[in-house]
Amino acid sequence: MPAIVPCCLTLMVDDWVRGVLVWALPPKETIQRYGGLTWELARLWLADELPRNSESWFIARGVRHVRTIHSEVRHLVSYADPAAGLIGTIYKASNWHYEGMTEPANGRMDYYYGQKRLGRIGDVP
């Protein structure tokens, strides 16, 4: 679990938790590079029985929550890990922008919800 979690959202269905979305503070270099308060979508879990597109629906609600309740947050980022079989399909479906690979040695892909093209280790050309 991430070290600092400023916001955690749950998806309730019939009084049961069927999803969790965790916003965490990324490493301080990320905040410095993006030039403002940045949160990372650090964890996303939804129960398998939920209908198609539930992930993108829940991410959209999470982004809306941050924009509305936490307006001081200027940038949202997330990372997909191809080593774990993830290529960021859900982020693409949620209209996040692909930022490239920030750690080519272990193949980590970055997604960014905003305007700047920067990576975790350095600027992405």
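Which residues does Leu21 touch, not counting residues up to four places away in sequence? In this predicted model, Leu21 touches Cys7, Cys8, Leu9, Leu41, Arg43, Leu44, Phe58, Ile59 and Gly62. Two of these contacts, Leu41 and Ile59, are listed together with Leu21 among the residues that have the most contacts inside the largest nonpolar core.

Two or more residues of the core are given by each of the elements β1, β2 (16–24), β3 (38–46), α2 (54–69) and β4 (75–80). The largest share, 4 residues, comes from α2. As a general point, nonpolar side chains in soluble globular proteins tend to be buried together.

Strand β4 deserves a separate look. Of its 6 residues, 6 are buried, so β4 is largely enclosed by the rest of the structure. His75, Val77 and Tyr79 point one way from the strand, while Leu76, Ser78 and Ala80 point the other way. Both sets are buried. The strand pairs with β3 in the parallel sense, over 3 bridges. Within β4, Val77 has Glu40 standing opposite.

Leu76 has a relative accessible area of 6%, and because buried means under 20%, Leu76 counts as buried. The C-alpha atom of Leu76 is separated by 9.7 Å from that of Pro26, although the two residues are 50 apart along the chain.

The next topic is charge. Side chains of opposite charge can pair when their charged atoms come close. A search of the whole structure finds 1 salt bridge. The salt bridge is formed by Arg18 and Glu49, with their closest N and O atoms 2.9 Å apart. Arg18 lies in strand β2 and Glu49 in the loop between β3 and α2, so the pair ties together parts that are 31 residues apart in sequence. Arg18 counts as partly exposed, at 23% relative accessibility, whereas Glu49 counts as exposed, at 54%.

Met12 lies in strand β1, which covers residues 7–13. With 46% relative accessibility, Met12 counts as partly exposed.

Technical notes: Residues numbered from 1 in each chain as written. Predicted model: local features only at pLDDT ≥ 70, side-chain atom pairs only at ≥ 80, totals over all residues. Heavy atoms only, no water. Buried < 20%, exposed > 50% of the residue type's maximum accessible area, 1.4 Å probe, protein only. Core = buried A, V, L, I, M, F, W, Y, C linked by side-chain atoms within 4.5 Å. Contact = heavy atoms within 4.5 Å. Pairing = 2+ DSSP bridges. Salt bridge = Lys/Arg side-chain N within 4 Å of Asp/Glu carboxyl O.
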